[in-house]
Amino acid sequence: FMTTSSEALDQFESFKKIVPKGTIDLIPMLDIERQNKGHIMTKEQLQKHVREWVSLCEGYYGRKPIIYSSLGFYIKYLKGEFDDCLFWCGDVGASINYVNQIDWAVWQYEIGPVDGVKGEADKNTVTEGDFNSPLLSMDRSSRQNNTVLTDTTDQMIDLIYITQYTT
């Protein structure tokens, strides 16, 4: 979870310790959802802060991260400056018309029970694509989706299962 109260470099170094190079199977994720009280940045400062983390991530892992945020925060601070990164919209309960204001790769649409999972799980829908490839080249104009359920209990994303449907 990225904060505005510490340097992007320090936060990336912490991420590297948890996710060593060569052990990553999915796209790295940068979670930025709010600014910290007492450490409010201008839009430009926040964009520079996020861009530094994105650049460090690309330099170390060889790929840009997917950015996880609420749609409102993304539109206010990041839209137009991070089109080179995929967007994971964390707007639980939002309507599809609201979410479709922007090009998204993943949408966390609900948190709830899932058969075979103890407790609640994040429910996400993923635009059609292969998460073993960079995804930036995929055609996201299609709204054929995969439903991906993730368990974030340990702040790591574990793929539970995928089913395919067409909307």
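How many bridges join β2 to strand β3, and in which sense do the two run? Three bridges join them, and β2 and β3 (residues 87-89) run parallel.

## About the model

This is a predicted model, in which local features need pLDDT of at least 70, side-chain atom pairs count only at pLDDT 80 or more, and totals for chains, interfaces and linings use all residues. Residues are numbered from 1 along each chain as its sequence is written, and side-chain values use heavy atoms, leaving out hydrogens and water.

## Strands and crossovers

Helices (H or I, at least four residues) and strands (E, at least two) are DSSP runs, numbered from the N terminus. Strands pair if DSSP finds at least two bridges between them. Strand β1 (residues 29-31) pairs with β2 in the parallel sense through three bridges, with Met29 opposite Ile66.

On the β3 side, Tyr68 has Trp88 as its bridge partner. Here β2, helix α3 (residues 71-78) and β3 form a right-handed β-α-β unit.

## Two faces of β2

In a regular strand, side chains alternate between the two faces of the sheet. In β2 (residues 66-69), Ile66 and Tyr68 point one way, Ile67 and Ser69 the other, and all are buried (under 20% relative accessible area, with exposed over 50% and partly exposed in between; 1.4 Å probe, protein chains only).

## Cysteines

The disulfide count is zero. Cys57 is buried because its relative accessibility is 0%, and Cys85 is buried at 5%.

Note on methods. Disulfide = S-S within 2.5 Å. Right-handed = clockwise from strand over helix to strand, strands pointing away.
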